[in-house]
Amino acid sequence: MPITFQGCSFGYRRNRPVLHDLTFTFPTGRTVFLGVNGAGKSTVLSLAATVRTPATGHVSHGTLRTDRRSDLRAYRRRVAWLPQQVHPVPGLTVREQVAYAGWLKGMRRGDARRQALQALAQVEMEEFADHRATQLSGGQLRRVAIAQALVHDAEVLLLDEPTAGLDLRQRRVFQDALDQLPPHVHAIVSTHDVADVETDFEHVVVLDGGQIMFTGPVADFLDHAPAGTPETRRAEEAFHALTGPEAAWAS
Ligand SMILES: Nc1ncnc2c1ncn2[C@@H]1O[C@H](COP(=O)(O)OP(=O)(O)OP(=O)(O)O)[C@@H](O)[C@H]1O
């Protein structure tokens with residue numbers, strides 16, 4: 001089941017609105033979420049994660065709506081969120097931090113501890129399970145945060161720049177973890193890295209100035225690159241064609 005935005009508007013205090021009456025359904029499967037700095041990607045993901053509340057409208061997953069208090073608990077169990085800023089929890093080991101994330105999502109303590117090890121293995125961090133989370137490098141901490149998103153059986157993963165700061169090998173490990181998700185689990189991954197869009201994702205969503213400029217399969221996205229663009233630059237050029245000055249003018 002997809003995540004749907006219905007008439008969502010949102011602005012940070014006193015600033016001009018970031019989203020205005022956004023109505024949009026994210027594709028299912030593995031979706032890459034693109035946009036220039038400040039386009040509104042993190043804002044969209046945080047609304048879908050119920051970390052922020054839209055001024056108007058709501059987000060839904062199936063019949064569950066974020067504006068119905070009685071739905072919130074069940075909605076949050078279905079949705080996992082990896083924020084851009086990741087913080088270690090002082091005093092907790094890596095395994096405890098991941099298990100804690102699962103417990104917050106309603107898992108039993110024992111299940112959360114067991115699943116935490118499995119999630120850490122998915123990001124090659126099991127050897128750090130007993131280390132203090134505060135002693136990790138930035139990239140290691142990000143991998144722990146990915147494990148936090150994977151630990152409970154969410155149906156939608158909202159991952160905000162999960163590979164920022166990861167080395168090439170760990171980017172591949174992350175991608176393998178995405179590839180191994182069960183078919184009913186959907187991932188929305190925001191990134192500035194368009195190089196591997198074709199191999200790693202099924203769908204593309206492009207946001208610009210809080211508006212959806214494109215949504216569709218990767219092949220259709222790549223078709224926006226000007227004719228004659230070399231294969232290796234098609235994703236980048238397609239992105240520029242959709243978000244460049246002319247695209248902004250046309251909208
Ligand atoms: N906490 C905040 N307070 C005020 N304004 C904010 C805050 N967070 C984001 N903004 C503003 O909201 C707009 C959208 O920001 P957002 O972080 O959602 O974009 P983004 O596409 O995720 O950008 P990036 O790629 O740089 O992470 C920007 O103009 C930004 O300056």
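Guide: Two strands count as paired if DSSP finds at least two bridges between them. The model discussed here is predicted.

Visitor: Which residue in E10 is the bridge partner of His 203?

Guide: Strands E9 and E10 run antiparallel and are joined by six bridges. They form a hairpin with two residues between them. Within this pairing, the residue of E10 that partners His 203 is Pro 217.

Visitor: What is the phi of Gly 209 in the turn between E9 and E10?

Guide: The turn belongs to the hairpin of E9 and E10, in which two residues separate the strands. Gly 209 lies in that turn, and its phi is positive, at about 55 degrees.

Visitor: Which strands stand at the edges of the sheet?

Guide: The sheet is open, has mixed pairing and consists of six strands in the order E6-E7-E8-E3-E9-E10. A strand with a single partner has one side left without a neighbour in the sheet, so the edges are formed by E6 (79-82) and E10 (211-217).

Visitor: Which residue in E8 stands opposite Leu 159?

Guide: Strands E7 (residues 156-160) and E8 (residues 186-190) pair over five bridges, in the parallel sense. Opposite Leu 159, strand E8 places Val 189.

Visitor: At what angle to E7 does helix H1 run?

Guide: Helix H1 (residues 41-48) lies across E3 (30-34), E6, E7, E8 and E9 (203-208). Relative to E7, the direction of H1 is at about 150 degrees.

Visitor: What angle does the direction of helix H5 make with that of E6?

Guide: Helix H5 (residues 138-150) also packs on the sheet, where it touches E6 and E7. With the direction of E6, that of H5 makes about 170 degrees.

Visitor: How are H3 and H4 oriented to each other?

Guide: The axes of H3 (residues 94-104) and H4 (residues 109-122) come within 8 Å and cross at roughly 120 degrees. The crossing is right-handed. Angles over 145 degrees count as roughly antiparallel and those from 65 to 115 as roughly perpendicular. The two helices, H3 and H4, are therefore oblique.

Visitor: How many charged residues does the contact of H3 with H4 have?

Guide: Residues of H3 including Val 94, Arg 95 and Trp 103 meet residues of H4, among them Arg 109, Arg 113 and Leu 120. By class, this contact has nine nonpolar and two polar residues, and the number of charged ones is three.

Visitor: How many residues of the shell around the ligand are polar?

Guide: Among the residues surrounding the ligand are Tyr 12, Asn 15, Gly 38, Lys 41, Ser 42 and Thr 43. The shell includes three nonpolar residues and one charged residue, while the polar residues number seven.

Notes
Residues are numbered from 1 along each chain as its sequence is written. This is a predicted model: local features need pLDDT of at least 70, side-chain atom pairs count only at pLDDT 80 or more; totals for chains, interfaces and linings use all residues. A residue is near a molecule or strand if its C-beta atom, placed from the backbone, lies within 6 Å of it. Ala, Val, Leu, Ile, Met, Phe, Trp, Tyr, Cys and Pro count as nonpolar, Asp, Glu, Lys and Arg as charged, and the others, Gly among them, as polar. Helices (H or I, at least four residues) and strands (E, at least two) are DSSP runs, numbered from the N terminus. Two residues are in contact if their C-beta atoms, placed from the backbone, lie within 7 Å. Axes are lines fitted to C-alpha atoms, for helices over the stretch in contact, and angles run from 0 to 180 degrees between N-to-C directions. Angles under 35 degrees count as roughly parallel, over 145 as roughly antiparallel, 65 to 115 as roughly perpendicular and the rest as oblique. A crossing is left-handed if the near helix is turned anticlockwise from the far one by less than a right angle, and right-handed if clockwise.
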